[in-house]
Each structure stands twice: as structure tokens, then as C-alpha cells.
Amino acid sequence: MVWISEENKALLAKEGMERGQTLTYDSVVQLTKKYPSLEFEDILTIVKYVDEEHFKPLMISYCKDAKKLQEVYSSFEFAFVYKDLALIDYLINRHQNDVLLTHCCKVYSLGKRLLENNISAENLLISTQSLLATNEHDATYIKLKLLEFTAFLRMKQLQTAFYLLQKLEITISQLDNRYLKTVFAARFSCNLALGYLNTHADFEKAELYALSTVVNPTSENILLGAAYRILGQIYLYQKNKFDQSYEHFQLAISIYEEINAHDQIDSILYQDIVFLHNLHNKYIDLNEKVDLEEQAHQHIVRGNKKRALELLNLQESKYGASKYSFFYRAKATNNISFYMNALKIAAKEGEIPVCYWMFEEFDKLILTTLN
């Protein structure tokens, strides 16, 4: 999605610049000199609108040359959003001795470790909270709280993560850096959608926040893919929305294909879409990429409970029992104790939609037993 404000579209028309034109970095610099009121977000959206194919290298050069404090903060976040580790290193080396940016450099050094998968969730939380204790800037405060949210999310402390996130909305709205306000809002909305889905099963609010990420002009492809995937998961649990769920999973896959995000594609294909079919009692082709629990689930859908139990035995011998292995074992045996074990784990992990789904199945078992 390429977006530009009407004001900046008029500016381009005045300059004789149009979509599809090839830009040079000198032409970008000249534009900023001629219109000094243009902010980082203006430059980014203009460059991406006019020369989408080359906007990243142009913006990387712009970030490297940034001198104004607000633009430097924006440059750090641009590097993080587009996972440009070399640019983060460059910015840290350039600005780490600037007293106004020392703390910012430490924050994005921590963010870089997260992008590199070079830090555990526990150490991420400790480091984030340590930096929060000395923080004096709203932009780095929000960045640190988003990193803190990520740490709690990875530790599967969903309720805590969601509570922290809810408190950020006002702070983000009060930011005076327009690019950071927009880009933080995009990530905030996507994460809040996930929170409303998993901790409250509030499908309406989750959908609204996911859609706000979709229409946010700064949402990069990896975030758009995540938003569409969340929408697929929102519709997954709702009756008569199988097609909507499947459609949004496919939209996420098409976006991830553009950026060669193969892990995310496989996760949707062999986890989300398989689970969607199983939950709606639909047949699906199986292969070795589908985990053993969902293979067992599919065999329950097909009425082959013996094979389901064989697969669950294999799964538990390798990885131990989980809420899903307990739940599918309960469905295969009509054993209430297995249902209770599954519900306890799901409740402890705070996955409310899963709990509701399990309760519905549990009710069916009770009715069957009474009859």
C-alpha cells in the first residue's frame, strides 16, 4: 500500500514530479532544502510514492545524513522497522557520544539484539526495565514499553503484556514526532488487536485495531502481514466466518511472499489454516509439516480416533503433554479429566478464545454423557 497526503501530492504536482519517476538522493536533498517544513514522514511517503522501487536505499542515505534530533529518532525507528541492522549500527556509532542521544543508542542497541534473536525474553525484560529507570524522553519510553510488551508476550504472560499496552495509547497520541506517532500507532494497534483477541476474546475491538494497522500509511509489509494474519485468527473462532478467515490468511501469505518471509508462510499454512479446517470440521490434506497434534485433530474430524490417539502418544513421547494434546485426547476418548487438564493449561496461559472453544466442546460432552 502506497499512501501520500493530498498536500504532498499537490507539492509533487507543483514540482512536476509524478509516480514512477526515478529519484536520485540529490533530488531528495534538494526537495528538503526547498521545503524545510517537510518532516521525516513527509519525505518517506513522498519518496515511496514517487519511486517505490528505490525508496529504501534513498531513505537509508537520508537517515545517515539526518542531523535534527527529531529526524535522528525517526531514523533509528525506520532502521528498526525495516530490520536494517547495518543502519542501526551506523546510527549508533555516529550518535553514541551525543549526550542527547546516548540513551536512544542504548535503546536501539537492545532493539537490534531482539532483531538478531540474540537475547532471551527474560533478559530482554531485565534490560528494558533497567533502561526505563533512566529514561527521560517520550519516544524512547514508548519504544521501551513496546520492547517490554514483546518480552512478556514471549514469556506467555499475555494478561500482563496487554495491560502494559493499554496504558500506552495516550502517550503515543501526545508525541510531537509525526513519523514516530504514526509508526508506533501501527505497531501498537496490531499488538492491541492481538491482546483483545487472546486475552478478552473481544472480536469486535480486535478487528478494529487490526484494520487500523492495515490502513496506517507507515505499516511495512511484515506488519501488514501480521495484521491480516490476526484478522484471519479473529474470524477463525466465529461461526459462519470460515471463508473470511481463510481469505485473510491468504492475504497475509501473499504479503509474506513479497518479502520472502518463508517461516511466517509455513506457520500460516501448516498451523493456522490447518487449525481453521479442523475447528470447522473440514477435511484437509496432511503432510509432514503439520504438527502431530493437528494431524491427530484432523483424524478426529475424520472419525479415526484410534489413529488420533497413536499420533498423540507419539507427540507426548517427544514433547510432553500440552493443552491441545490433552484436549484432543479428551475428544477422542470422551474423558472429562483430559478436558479439565486442557482447560487449566489454557486458562493459565490466558488464551481466552481457546478456553471458550474448549468450554463449548466440553458442554457437548456433558450433554452426550447425560443423554
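Predicted model: local features only at pLDDT ≥ 70, side-chain atom pairs only at ≥ 80, totals over all residues.
Biologist: How do you know how many helices and strands the chain has?

Modeller: Helices (H or I, at least four residues) and strands (E, at least two) are DSSP runs, numbered from the N terminus. By that reading the chain has 21 helices and zero strands. The C-alpha atoms fill a box of roughly 80 × 45 × 35 Å along the principal axes.

Biologist: What makes cysteine 63 and cysteine 355 buried or exposed?

Modeller: Buried means under 20% relative accessible area, exposed over 50%, and partly exposed in between, with a 1.4 Å probe and protein chains only. Cysteine 63 has 0%, so cysteine 63 is buried. Cysteine 355 has 7% and therefore counts as buried too. Of the 371 residues in the chain, 52% are buried.

Biologist: What makes a set of residues a nonpolar core?

Modeller: The set must consist of buried Ala, Val, Leu, Ile, Met, Phe, Trp, Tyr and Cys residues joined through side-chain atoms within 4.5 Å. The largest such core here has 125 residues, and Met59, Phe78 and Phe184 have the most contacts inside it. Helix H12 (residues 178-200) gives the most to this core, with twelve residues.

Biologist: Which residues does phenylalanine 78 touch?

Modeller: Contact means heavy atoms within 4.5 Å. With residues up to four places away in sequence not counted, phenylalanine 78 touches Phe40, Leu44, Phe55, Met59, Ile60, Cys63, Leu87 and Tyr179. For the chain, among contacts with a separation of 6 or more, 55% come from residues 24 or more positions apart.

Biologist: Why is tyrosine 49 called buried?

Modeller: Its relative accessibility is 18%, so tyrosine 49 counts as buried. Tyrosine 49 sits in helix H3 (residues 40-50). Beyond four places in sequence, tyrosine 49 touches Val2, Ile4, Lys9, Leu12, Arg19 and Gly20.

Biologist: Is histidine 280 buried, or is it partly exposed?

Modeller: Histidine 280 has a relative accessible area of 21% and is therefore partly exposed. Histidine 280 lies in the loop between helix H16 (262-279) and helix H17 (292-301). Leaving aside neighbours within four places, histidine 280 is in contact with Leu236, Gln238 and Phe242.

Biologist: What is the label for lysine 282, and what value gives it?

Modeller: Lysine 282 has a relative accessible area of 36%, so lysine 282 is partly exposed. Lysine 282 is found in the loop between H16 and H17. Not counting residues up to four places away, lysine 282 touches Phe242, His277, Gln298 and Val301.

Biologist: Why is phenylalanine 152 called buried?

Modeller: Phenylalanine 152 has a relative accessible area of 9%, so phenylalanine 152 is buried. Phenylalanine 152 is placed in helix H9 (residues 138-154). The C-alpha atoms of phenylalanine 152 and alanine 121 are separated by 7.3 Å, although the two are 31 residues apart along the chain. Outside four places in sequence, the contacts of phenylalanine 152 are Leu125, Gln129, Gln157, Thr160, Ala161 and Leu164.

Biologist: Why is the phi of alanine 201 noted?

Modeller: Most residues other than glycine have a negative phi. The phi of alanine 201 is near 55°, a positive value in a residue other than glycine. Alanine 201 is in the loop between H12 and helix H13 (203-214), and at 12% relative accessibility alanine 201 counts as buried.

Biologist: What is the phi of asparagine 334?

Modeller: Asparagine 334 has a phi near 60°, again a positive value in a residue other than glycine. Asparagine 334 lies in the loop between helix H19 (323-333) and helix H20 (336-349). With a relative accessible area of 43%, asparagine 334 is partly exposed.

Technical notes: Residues numbered from 1 in each chain as written. Heavy atoms only, no water.
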